[in-house]
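Here are my notes on the model, for your review. Please read them alongside the coordinates.

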Amino acid sequence: MTEQPAPRNIHRLDARTLRGLAHPLRMRLLSSLRLDGPATASQLAARLGESSGATSYHLRQLAEYGFVEDDPERGKGRERWWRSAHQGTRTDEGLIRDPDPEVRGALSTLLHEYATQRAQEVSTWIATRHEWSQEWDEAADTSDYTLDLTPALAAELSGKIYELVESYRASAPEADTPDVAKVRVHSHIFPTRPKADGT
């Protein structure tokens, strides 16, 4: 029987914490800590091409809103080590309909930055694809699909995709297994309107 992984620690964004995260550099810092592991402000500055003053300030802001925390296993010297306080973030669906325009604006900033980051990840893959093995080249995928669905069916599809992706966490190989890489899976499900044909 396959051992099930422990439930992931997912932070649910509300109106307050949304304001604390909806900043491009803060989002990049949090993403880097989650993907690449704990780091100091100086290390993150080098990773992201920012000044250590900027990364230090925004890390403190992220800590104030509960997104990052000290890493006690590494913070032995003078430099402060940071780690993500959660393994993921979910957006409260009610935020999109919040009557406060500041909340909706912060959510728009957040979602546009997510879209930008994901597009950059795909572009980086395309630009560096030749550096990977043939096996990884054949395993990668950048497909898109168009389906006719109701909102209920779209929600069902989204739920099934989430369950499928989560089911692979139990199959994760040991970190020292040959040819292991972090794999990014992007999912976007949204309705579209037909283009006017000019007739």
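Is I189 buried, partly exposed or exposed?

1. I189 is partly exposed, because its relative accessible area is 38% (buried is under 20%, exposed over 50%, partly exposed in between; 1.4 Å probe, protein chains only). The residue sits in the segment after α7 (151-167).

2. This is a predicted model: local features need pLDDT of at least 70, side-chain atom pairs count only at pLDDT 80 or more, and totals for chains, interfaces and linings use all residues. Residues are numbered from 1 along each chain as its sequence is written, and side-chain values use heavy atoms, without hydrogens and water.

3. Helices α2 (residues 24-36) and α3 (residues 41-48) have axes that come within 11 Å and cross at roughly 105°. That makes α2 roughly perpendicular to α3 (65 to 115 degrees). On the α2 side, the contact includes L25, L29 and L33; α3 contributes L44, R47 and L48 (contact means heavy atoms within 4.5 Å).

4. The whole structure holds 10 salt bridges (a side-chain nitrogen of Lys or Arg within 4 Å of a carboxyl oxygen of Asp or Glu). One of them pairs D100 with R19, with the closest N and O atoms 3.0 Å apart. D100 lies in the loop between β5 (88-91) and α5 (101-128) and R19 in helix α1 (residues 15-21), so the pair ties together parts 81 residues apart in sequence.

5. R83 and E69 also form a salt bridge, at 2.9 Å between the closest N and O atoms. R83 is in strand β4 (residues 81-84) and E69 in strand β3 (residues 68-70).

Conventions:
Helix = DSSP H or I, 4+ residues; strand = E, 2+ residues; numbered from the N terminus. Axes fitted to C-alpha atoms, helices over the stretch in contact; angles between N-to-C directions. Parallel < 35°, antiparallel > 145°, perpendicular 65-115°, else oblique.
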